[in-house]
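Try each task before you read its solution.

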Amino acid sequence: MGVCIDTAFPIEPWLASLGPNTRRKAFNRRCLFEKQLGGNWQFCENNGGSQTAFLDQLNRFHVKRWEKPCFDEKACQFHLKLLSRLSDKQHALMSRLVVNGQVVSVLYDIQAGARVYNLQSGYDENLNAKLSLGTLHLGYAIEQAFQDPEINKYDLLAGSGKNTFYKARFKGRQVSFPTVDLVRSPVLRTAYRLRSWLPGGLVSRINLVFRL
């Protein structure tokens, strides 16, 4: 499941629909971030060098949080090629949260037409116990989408968080992402067809064998 927020209307009704905990993390904690910690948010330049540095920073945050990078070398090459081939109506929205000159959060979005797609984020979990930097950063980005008359959707896409499906808390429209398998092998095609005819319990056991 994914979540897509309609940003074509004023932001106030959407803010009112948020739970108090989400509203506090995404918006009300800005006072702590901006005034007490001296933080600010900014877009990085959309040129090749800074894009590479941005993806490197994203990977560093993911290694610290997940013990593995977000994008391996081939994936980084893919994203850099993707970004270099965006059309005039498509562009990267790579933003950072910065505290005292130190990057503490990055958010990787792409705008295509009137929709912004949220692809990845990474942040310092240990900056301040009262801050949820990932949620705070999303709050800035979503608010900007509401303020931009050329954007009418902020799409959080599919995927869950480390512990919970946090995207549902942003009260957007839930979208189902079906998965399609394209099987070339005649043997596997036969096996998948056979699997679809079997009772549920046996299907699960055969599916486990395929996965192993």
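## Exercise 1: A residue in a strand

Asn118 is part of strand S5, residues 115-123 (helices, H or I of at least four residues, and strands, E of at least two, are DSSP runs numbered from the N terminus). This is a predicted model, where local features need pLDDT of at least 70, side-chain atom pairs count only at pLDDT 80 or more, and totals for chains, interfaces and linings use all residues. Residues are numbered from 1 along each chain as its sequence is written, and side-chain values use heavy atoms, with hydrogens and water left out.

Task: decide whether Asn118 is buried or exposed, and find which side chain makes a polar contact with its side chain.

Solution. 
- Start with accessibility: Asn118 has 6% relative accessibility, so it counts as buried (buried is under 20% relative accessible area, exposed over 50%, partly exposed in between, using a 1.4 Å probe and protein chains only).
- Next, look for the partner: the side chain of Asp109 makes a polar contact with that of Asn118 at 2.8 Å. A polar contact is a pair of N or O atoms within 3.5 Å; within protein, one must be able to donate a hydrogen and the other to accept it, and residues adjacent in sequence count only if both atoms are side-chain atoms.
- Then list the surroundings: leaving aside neighbours within four places in sequence, Asn118 is in contact with residues including Leu138, Tyr154 and Leu157 (contact means heavy atoms within 4.5 Å).
- Finally, check the backbone of Leu157: this residue lies in strand S6, residues 153-158, and has a positive phi of about 60 degrees although it is not a glycine.

## Exercise 2: The cavity

Task: work out which residues line the largest cavity and which element gives the most to that lining.

Solution. 
- Search first: the whole structure has one cavity of 30 Å³ or more, and about 70 Å³ of space lies in the largest cavity. On a 1 Å grid over the protein atoms alone, a cavity is a set of points where a 1.4 Å probe fits but cannot get out, and lining residues have an atom within 4 Å of a point. Points are joined across faces, edges and corners, and a volume is the space filled by probe spheres set on them.
- Now the lining: Trp41, Phe43, Leu93, Ser95, Asp109, Val116, Ala141, Gln144, Ala145, Ile151 and Tyr154.
- Sort by class: eight are nonpolar, two polar and one charged (Ala, Val, Leu, Ile, Met, Phe, Trp, Tyr, Cys and Pro count as nonpolar, Asp, Glu, Lys and Arg as charged, and the others, Gly among them, as polar).
- Sort by element: S2 (39-43), S3 (90-99) and H6 (133-147) each supply at least two residues, and H6 gives the most, with three.

How values were computed
1 Å grid on protein atoms, 1.4 Å probe; cavity = no way out; pocket = protein on both sides within 12 Å on 5 of 7 lines; lining within 4 Å.
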